[in-house]
Amino acid sequence: MEEILKLDNVSLTYQSENGETQAVKNLSFTVNKGQFIAIIGPSGCGKTTVLSLIDGLIKPTVGKIFFKGSEHVLTTKHIGYMLQRDELFAWRTIENNVFLPLEIKKINNAKNREYAKNLIEKYGLSEFKKAYPNQLSGGMRQRAALIRTLVFNPEILLLDEPFSALDYQTRLNVCDDVYSIISLEKKTAVLVTHDIGEAISMADEVLVLSKRPATVIAHHVLDLDKSKLPLKRREDKNFAKWFDILWKELNYDA
Amino acid sequence: MTHNNISKERLLYVKKQKTSKVLVALLRFGILILIVGLWEILARLGVIDAFLMSMPSKILITIKDLFLTGDLISHVLTTLYETLLGFLIATVLGTVIALLLWWSEFLRKVLEPYIVVLNSLPKIALGPIIIVWFGAGTKSIIFMAIIITIIVTIITMQNGFLATEKSKILLMKSLGASKMQTLVKLVIPASIPTFVSCLKINVGMAWIGSIMGEYLVSKQGIGYLIVYGGQVFRLDLVMASTVILCALAGIMYALVVMLEKYITKKR
């Protein structure tokens, strides 16, 4: 399998007026093309920091991050970052929200707009394309946010607890929704979450982080039926087993 | 119309809402009529001194006389000119300064104490300095309107710009947006509501500035009429000018509210 992302012994130390805090310590892992990796860890362990490191928003203090074999400098072109909330701009229509990355990356040409419109169409938002975000339900908004992330055709998607702002019912549905879109578009994804069930039902592999400073304490390859959608996977006979294992690992550390 | 679909409760509710609206409008108007009427009657009966308190009919006559001599128009235009110019310059310049302060945290930290002191300072204290610098004329009045309005604009707009959601800024960063792109595509559009409420505050501030300026130095304008009326004990004139001032400020505020409705409708 083609290796797309590699973190090699990455550490990060924050500097602030009150001193320094080590957020991430000796973090190493690789992500292959087409994989869905979930990273779980206790709250406040620096999960989001790991995504910021991968996205290049912050530079590691020690260690290197490789993107397709080369140390990345300007990777935001290849990486799509989906945040906890949809962050759609209230003053833009859904369509114009989706176009935002094209405008920022100065690739707002007819071809890319056409691609964006196709995504909107394909994932059932065409009747809302001229609507404003406040006219959409939470699930619809999250779907729009995902399309906005996909619009510049990134090679890796970073998902930072993308369902945490939704109520439970919507959450399970949107989880299926987002998963099917990601697998249809054949994207590589790194999901960060504190929800064990979400991690097991969506990912191929799960990384467990320790509390701060975050480092990998376990790396599991899941044996669930990957042809099933996340909600169905929760019924898998192995689901409970993995839940138990991950639960213990998270709590052992805490 | 599908009258059948509307329930009795709904009709009752709509009726109640309507009655309440009419009542509010009637009372608002009623209070005005009551005060003006009582004022007129008491003055005519000699219960209150019409020389010190003036009376509505006299105020109307004064306004009419002012209008007929053509003085009213030129006084109104003078003050309107000073207020609008002060309002516009202060709003534009204040917003630009606030943008610069948003842009540079360093500049913001350096200038913070100056802005705080300027904000707390009663600007009227600067009167003599302003007169010496800008002369006893329109320039000083406009400057007064600007300095009173601009500080509030800077503080309000800077807070507005800085209140842009951190998570949305993170989104822009993750897309690789430059600071300029973040400003133009996120911070400015997100601050439009703040800007509109700032305009509302500025209407009041600019009027304070121009009238205060006219109290200090002027040969014309509504503020001048009020001061002059007070000095020569013509309370009719003072009251008439105050009424006109109320009307003008009200109209300007209404215009800003209309602008607000237009903007929020578009969003």
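Let me begin with a definition: a residue is called buried when its relative accessible area is under 20%, exposed when it is over 50%, and partly exposed in between, with a 1.4 Å probe and protein chains only. What we have here is a predicted model, in which local features need pLDDT of at least 70 and side-chain atom pairs count only at pLDDT 80 or more, while totals for chains, interfaces and linings use all residues. Residues are numbered from 1 along each chain as its sequence is written, chains are lettered from A in the order in which they are written, and side-chain values use heavy atoms, with hydrogens and water left out.

I will start with the interface. Counting a contact as heavy atoms within 4.5 Å, 20 residues of chain A and 18 residues of chain B take part. The area buried between the two chains, that is, the accessible area (1.4 Å probe) lost on putting the two parts together, summed over both, is about 1700 Å², and carbon and sulfur atoms give 67% of that area.

Three salt bridges are counted between chain A and chain B, a salt bridge being a side-chain nitrogen of Lys or Arg within 4 Å of a carboxyl oxygen of Asp or Glu. Which residue of chain A forms a salt bridge with Lys168(B)? The partner is Glu87(A), with the closest N and O atoms 3.1 Å apart. Both ends of this pair are buried, Glu87(A) with a relative accessible area of 3% and Lys168(B) with 11%. Arg85(A), Glu87(A), Glu165(B) and Lys168(B) are, moreover, linked in a network of salt bridges.

Over all chains the count comes to 19 salt bridges. Within chain A, Asp195(A) pairs with Arg171(A), the closest N and O atoms being 3.2 Å apart; Asp195(A) counts as buried at 18% relative accessibility, and Arg171(A) is buried too, at 15%. In chain B, the side chains of Lys200(B) and Glu260(B) meet at 3.0 Å, N to O, and here Lys200(B) is partly exposed at 23%, as is Glu260(B) at 24%.

Finally, a word on packing in chain B. Gly94(B) is buried, with a relative accessible area of 0%, and its C-alpha atom is separated by 4.8 Å from that of Ile154(B), 60 residues apart along the chain. Setting aside residues up to four places away in sequence, Gly94(B) touches Ile89(B), Ile150(B), Thr153(B) and Ile154(B).
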